[in-house]
Amino acid sequence: MPITRRRVLGLLAGAGALVGAPSLWMSYMKTYDGPVSDHFDGLTFFDPDGSPPKSLREVLRWQFSGKRRRATWPDWAPSPHADTPPARVDGDKVRLSFVGHASWLIQAGGLNILVDPVWSERVSPVAFAGPKRHNDPGIAFEKLPKIDVVLVSHGHYDHLDIATLSRLTKNFNPRVVTPLGNDVTMRSTDPTIKAEAFDWHDRVELGEGVAVHLVPTRHWTARGLFDRNKALWASFVLETPAGKIYVVCDSGYGDGRHFRRVAEKHGRLRLAILPIGAYEPRWFMRDQHMNPEDAVKALADCGAEQALGHHHFTFQLTDEAIDAPAKALVEALDAAKIPQERFVAMMPGQVVEI
């Protein structure tokens with residue numbers, strides 16, 4: 001395939017959605033300004049136990065190497081499931097509906113909480129290129145209940161979708177809880193978004209016996225040429241009437257210490273939501289995305305009673321086949337002698353109640 005200007009822009013848009021590759025057409029963006037800490041040097045955020053992001057040279061090596069083996073996904077791969085959620089879930093139950101990729105509706109304590117909501121057709125800085133949906137959201141936007149809170153984990157385009165946040169703001173005006181700096185990104189585009197920014201280890205009361213902790217995760221963030229790691233990234237631990245839920249939207253595994261620390265600090269976890277997709281080639285993805293084998297290790301490290309796999313099947317961000325994560329998860333669980341029902345790869349529209 002010839003290397004045309006359009007193909008270069010398209011591939012960089014796709015890489016930008018995944019790893020924050022510099023978007024060469026984007027201008028300087030406003031960024032976070034705050035005090036120095038053990039993970040912020042006054043200009044950029046960093047993970048003392050993490051790994052720096054790949055360089056543009058490495059992005060181009062991955063994208064254009066003659067040795068690249070990129071699986072072909074079907075143009076359209078509909079899920080057999082679709083959900084129409086109730087208006088509220090009260091009492092000691094929690095209802096989790098998988099929207100797709102890393103997007104969830106979590107209903108607990110009478111609150112409706114969306115995680116990393118993306119209803120857009122593409123996850124990209126441009127409308128004409130970049131990763132495109134291969135299936136519909138598991139909940140049609142028109143069937144959403146009133147949304148009270150939105151959690152946004154970091155700034156990559158497949159997690160922070162301004163178009164969806166603006167649409168949610170117009171319809172429901174929810175609180176948007178996010179790590180430091182991502183509020184600047186949101187409000188610089190749409191000042192009506194009610195973004196509230198917090199640091200690692202902060203606890204945020206959401207109401208009705210529900211709270212969220214922002215916890216370190218092995219990842220990073222960027223949206224344009226000048227903002228690499230100028231905002232923070234995080235995972236979430238939700239306190240709910242049914243127990244604690246650990247939501248990992250994006251993470252590498254490393255030596256597992258991020259997951260073990262969550263277990264040490266937060267104790268018994270009723271459920272973990274863990275990413276299982278976007279992991280090939282390993283030389284490029286290992287530091288920022290887990291494969292299913294890593295995710296099984298992460299489950300053992302955090303000690304959750306049950307896990308749900310996400311971050312797969314909807315957007316082709318990397319080189320593995322569309323069904324590879326689910327198949328590899330089965331194999332990894334067998335190898336670790338963990339029952340299959342303890343860790344399930346979700347499909348858009350599937351629902352789990354605890």
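**Helix packing and backbone details**

Reply: H7 passes H8 in a right-handed crossing, meaning that the near helix is turned clockwise from the far one by less than a right angle. This is a predicted model, where local features need pLDDT of at least 70, side-chain atom pairs count only at pLDDT 80 or more, and totals for chains, interfaces and linings use all residues. Residues are numbered from 1 along each chain as its sequence is written, and side-chain values use heavy atoms, leaving out hydrogens and water.

Me: Which residues of H8 make the contact with H7?

Reply: Contact here means heavy atoms within 4.5 Å. H7 contributes Pro292, Glu293 and Val296, and they meet, on H8, Pro325, Ala328, Leu329, Ala332 and Leu333.

Me: At what angle do H7 and H8 pack?

Reply: Two packed helices are described by the angle between their axes and the distance between the axes. Here the axes are lines fitted to C-alpha atoms over the stretch in contact, with angles from 0 to 180 degrees between N-to-C directions. H7 (residues 292-302) and H8 (residues 324-335) have axes 8 Å apart and pack at an angle of about 50 degrees.

Me: How many helices and strands does the chain have?

Reply: Both are DSSP runs numbered from the N terminus: helices (H or I) have at least four residues and strands (E) at least two. The count for the chain is 8 helices and 14 strands.

Me: What percentage of the residues count as buried?

Reply: Buried means under 20% relative accessible area, exposed means over 50%, and partly exposed lies in between (1.4 Å probe, protein chains only). Of the 354 residues in the chain, the buried share is 60%.

Me: Is Phe313 buried or exposed?

Reply: Phe313 sits in the loop between strand E12 (307-310) and H8, and its phi is positive, near 80 degrees. With 12% relative accessibility, Phe313 is buried.

Me: And is Lys337 buried or exposed?

Reply: Lys337 lies in the loop between H8 and strand E13 (343-345), and has a positive phi of about 60 degrees. At a relative accessible area of 75%, Lys337 is exposed.
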